[in-house]
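Dear colleague,

Here is the structure for your files. My notes on its charged pairs and surface follow below.

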Amino acid sequence: MRGSDPDATTFYLARAINAGEDPVFIARRIVIAAAEDVGLANPNALVVANAAMQAVASIGMPEARIILSEAAIYVANCKKSNASYLAIDRALEDVQNKDTGEIPMHIRNAPISGMEKLGYGQGYKYPHDYPNHQVEQQYLPDKMVGTKYFNWN
């Protein structure tokens, strides 16, 4: 699937089925490929793969082979982007290994009465009140301003 070759995808799917691999395990791998390899290049791939996993679990073999084939070929034929995968790994690396600073007070929720007196939520700009539902506002902690995790690829 990763290499965008539907024939090779079908061949290796057939080998896995013939070897007795658990069809639900195969479906899980298709879901992972949809998220990891296709990602935002076609978010519908995750919907298709997840629906296939649910159907495979409900239907079982031998009909599950058709569902697996459809989902695997769909994922193989999609454009690929691992941008989300790389972004979350970079962000996890930072939160695990850096002093990333404090969450800005203006974006902190004030779930308990009186917290706004401590600065929680003060100065928050509600994006839906602005053109195109976007507003310039600092969301990252001061120590992380300018950090980029997500890049289209």
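In this predicted model, Asp37 and Arg2 form a salt bridge through their side chains, with 2.9 Å from N to O. Asp37 belongs to helix 2 and Arg2 to the segment before helix 1 (6–18), so the contact ties together parts that are 35 residues apart in sequence. Asp37 is buried, at a relative accessible area of 13%, while Arg2 is exposed at 55%.

The count of salt bridges comes to five. One of them pairs Asp99 with Lys143, and their closest N and O atoms are 2.4 Å apart. This pair also links distant parts of the chain: Asp99 and Lys143 are both in the segment after helix 5 (83–97), 44 residues apart. Both Asp99 and Lys143 are exposed.

Another salt bridge runs between Lys98 and Asp94, where the closest N and O atoms are 3.2 Å apart. Asp94 counts as buried because its relative accessibility is 9%, and buried means under 20%. Lys98, at 46%, counts as partly exposed.

Leu40 sits in the loop between helix 2 (23–38) and helix 3 (44–59). Its relative accessibility is 36%, so Leu40 counts as partly exposed.

Regards

Note on methods. Residues are numbered from 1 along each chain as its sequence is written. This is a predicted model: local features need pLDDT of at least 70, side-chain atom pairs count only at pLDDT 80 or more; totals for chains, interfaces and linings use all residues. Side-chain values use heavy atoms; hydrogens and water are left out. Helices (H or I, at least four residues) and strands (E, at least two) are DSSP runs, numbered from the N terminus. Buried means under 20% relative accessible area, exposed over 50%, partly exposed in between (1.4 Å probe, protein chains only). A salt bridge is a side-chain nitrogen of Lys or Arg within 4 Å of a carboxyl oxygen of Asp or Glu.
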